[in-house]
Amino acid sequence: MTKHLWQKRFFAILLSMSLLFSTCLNATALSEDDITSPAAVLMDAKSGKILFEKNAHEQRPCASITKVMTLLLVMEALDSEKIHLDDVVTASAHAASMGGSDIWLEEGEQMSVDDMIKATAVASANDAAVALAEFVSGTEEDFVAAMNQKAKDLGMKDTVFKNCNGLDEEGHITSAYDVALMSRELIRHKKIFDYTSIWLDSLRGGETQIVNTNKLLRTYKGITGLKTGTTGDAGSCITATAERNGVSLIGVVLGADSGTARFKDAATLLDFGFANFETVDLSLSEDLYPVTVEGGMEDEVEVVCDDSASLTLPKGEKDKVKRTVTIEESVPAPVTKGDKVGTISFTLNDKEVASFDILAADDVEQKTFSSVFSLIWKALIKL
């Protein structure tokens, strides 16, 4: 090898190493310019923490992402046994009249709730969504009222629903942040993944083939859902859910110029989340002890704290988190179940990153002459 050729190869290696080092340095950075779509959010599904946002509260139409709320109300109706998967849904003239993406329901045609959910989640069928809405609430109008009430309950302050399928309609708006909120609520119902993870399937005994509108199912590791949407007003939208190594993420993209752009942006969001963050399940119940009750019919009261809490942290910070329990030595009677009696706080680098209330688990009545007499009387009766 000549000296000149050796030098060229040496500098080429140095350049490659430099580029690799530069990439590593910038691996944790994600700027708004990296996301081409006008609005986006990345949320940790377990903790609800926002890991990235771009115009997160900008009100925009969201097309068939609307069906996330529709499916949420359907899942709740299933859980309450108001409806069942094998119930038969009859398509109304109104449902059959929907345009856009659909499964060409005819008035009077019947399908099971299971197939209607499949059509809505996989094929984004507008007619199936309306048929489900009518089956749950009687009319689409009543169902949409329930959608707006649920949005209010979830704290979706940027959202107004006008229909249940996302077809363009004046005043039908939401935001990337609100989409993340309702997506997080929907995936608490694990049954939904039975539908959103389907790539190919069929309806009507195999006569109607359906393909999932979420192309990330074929290209992104760990993808579990959730919903795409496209209309003239909304552009191309997606709420993408994925899980790897115990980390569950929700990436929301609204208003992309094309389907390709929305999938690219969603993958960029998810890649950033998985590369840089981890989810830690918090230990809340350990080291808790009953609190003494002064002047109560019981000497002490048991305490509780939510066991399902989690914390999202930059990778490598887990072992630096400190847990502090502050609990009252005693409380005066009467005590009502749910009364705050202490706090569990978590700090990272001396900064509080999470805090949870410790609550009384039961009622404790105040000790009075009448309460003591009543207790003695009950004891005598049992003799």
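Does Thr343 count as buried or exposed, and at what relative accessibility? At 18% relative accessibility, Thr343 counts as buried. Buried means under 20% relative accessible area, exposed over 50%, and partly exposed in between, with a 1.4 Å probe and protein chains only.

## The model

This is a predicted model: local features need pLDDT of at least 70, side-chain atom pairs count only at pLDDT 80 or more, and totals for chains, interfaces and linings use all residues. Residues are numbered from 1 along each chain as its sequence is written, and side-chain values use heavy atoms, with hydrogens and water left out.

## The chain as a whole

The chain has 11 helices and 18 strands. These are DSSP runs numbered from the N terminus: helices are H or I with at least four residues, strands are E with at least two. The chain has 383 residues, and 47% of them count as buried.

Contact means heavy atoms within 4.5 Å. Among contacts with a separation of 6 or more, 63% come from residues 24 or more positions apart.

## Around Thr343

Thr343 lies in strand β17, residues 340-348. Leaving out residues up to four places away in sequence, Thr343 touches Thr324, Val325, Thr326, Ser355, Phe356, Asp357 and Ile358.

## Aromatic pairs

The structure holds two aromatic pairs. Rings of Phe, Tyr and Trp (its six-membered ring) pair if their centres lie within 6.5 Å; planes under 30 degrees apart count as stacked, over 60 as edge-to-face and the rest as tilted. Phe272 is buried at 10% relative accessibility. Phe277 is buried at 13%.

The rings of Phe346 and Phe356 have centres 6.2 Å apart and planes at 80°, so this pair is edge-to-face. Phe346 lies in strand β17 and Phe356 in strand β18 (residues 351-360), so the pair ties together parts that are 10 residues apart in sequence. Phe346 is buried, with a relative accessible area of 4%. Phe356 counts as buried at 19%.

## Helices α2 and α4

Helix α2 (residues 67-79) packs with helix α4 (residues 113-122) at an angle of about 160°, and their axes are 11 Å apart. Axes are lines fitted to C-alpha atoms, for helices over the stretch in contact, and angles run from 0 to 180 degrees between N-to-C directions. The two helices, α2 and α4, are therefore roughly antiparallel to each other. That term covers angles over 145 degrees; under 35 is roughly parallel, 65 to 115 roughly perpendicular, and the rest oblique.

Which residues meet between α2 and α4? Lys67, Leu71, Val74, Met75 and Leu78 in α2 meet Val113, Ile117, Thr120 and Ala121 in α4. The residues of this contact divide into seven nonpolar, one polar and one charged. Ala, Val, Leu, Ile, Met, Phe, Trp, Tyr, Cys and Pro count as nonpolar, Asp, Glu, Lys and Arg as charged, and the others, Gly among them, as polar.

Helix α7 (residues 176-186) is mostly covered, with 10 of its 11 residues buried. Among the buried ones are Asp178, Arg184 and Glu185. The buried residues of α7 pack against β1 (39-44), α2, α6 (140-153), β7 (223-231), β8 (235-244) and β9 (247-256).

Asp194 is found in helix α8, residues 193-196. Asp194 counts as partly exposed, at 44% relative accessibility. The C-alpha atoms of Asp194 and Gly225 are separated by 9.7 Å, and these residues are 31 residues apart along the chain.
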